[in-house]
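Hi,

Here is the structure I said I would pass on. Have a look at it first, and then read my notes below.

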Amino acid sequence: MKLNAGALRIAALSVAVLGFGQVSAAQEAQKMFIEGDIVRGNTPNGNTGPVCVLANQFKRRENVIFRIRVRNIAGQPLDDKNIKSIVVELSDGKKYPAQYRARPPVAVRAALGLSGPLDYFWSAAWLIPQDYPTGSLSYRVVATDMQGNTQEWTPFKDLRSLPVVMPGDVEYTK
């Protein structure tokens, strides 16, 4: 069977259109972008060091705070009206749900004389148990939107980017 030039153009155009449809569907499924870091948080017993400062080395009974922001394809932050859940999963299998809140917390804003929040983002806390083994561990963040779509994020696979549980005792200050 012999095809003329017009039929070849139509066939090529059909393949191109189908290809664009597949790219568009792939882009639509990939609509959440996650970023995050870890900082030291306060504990019910007091502070164990500077709070909300980037850190990756923690002692047992310290509070690790996972700070997370999720953005849509346009770069806009997604809040609790757009995200159903965010969960931090440690490499040991433990899972910690994140919550969307104003930052800094009300008590800190009052102490600093701030009239309102400076930012809003997701955070999850992990108070390291007294008997937790020392060493590095990895984690991942899983975000689920209101339609049930999920997106996963992991930090760099570099020990300097991962939380490390150090030996030693903590001292609390109020």
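This is a predicted model: local features need pLDDT of at least 70, side-chain atom pairs count only at pLDDT 80 or more; totals for chains, interfaces and linings use all residues.

Residues are numbered from 1 along each chain as its sequence is written, and side-chain values use heavy atoms, with hydrogens and water left out.

Back to that pair. Arginine 40 and glutamate 62 form a salt bridge, with 2.6 Å between the closest N and O atoms (a salt bridge is a side-chain nitrogen of Lys or Arg within 4 Å of a carboxyl oxygen of Asp or Glu). Arginine 40 sits in strand β1 and glutamate 62 in the loop between β2 (57–59) and β3, so the bridge ties together parts 22 residues apart in sequence. Strands here are DSSP runs (E, at least two residues), numbered from the N terminus.

There are 11 salt bridges in the structure. Another of them joins the side chains of glutamate 35 and arginine 71 (3.2 Å, N to O). Glutamate 35 is partly exposed at 36% relative accessibility, and arginine 71 is partly exposed at 27%.

Now the sheet. How are its strands ordered? It is an open sheet of 4 strands in the order β1-β3-β7-β6, with antiparallel pairing (two strands pair if DSSP finds at least two bridges between them). β1 and β6 (99–103) are at the edges with a single partner strand each, so one side of each has no neighbour in the sheet. β1 and β3 pair over 9 bridges, and valine 39 stands opposite isoleucine 65 in β3.

Last, the core. The largest nonpolar core has 26 residues, and Phe66, Ile68 and Trp126 are among those with the most contacts inside it (such a core is a set of buried Ala, Val, Leu, Ile, Met, Phe, Trp, Tyr and Cys residues joined through side-chain atoms within 4.5 Å). Isoleucine 68 touches residues including Ile34, Ile86, Phe121 and Val141, leaving aside those up to four places away in sequence (contact means heavy atoms within 4.5 Å).

Cheers

Note on methods:
Buried means under 20% relative accessible area, exposed over 50%, partly exposed in between (1.4 Å probe, protein chains only).
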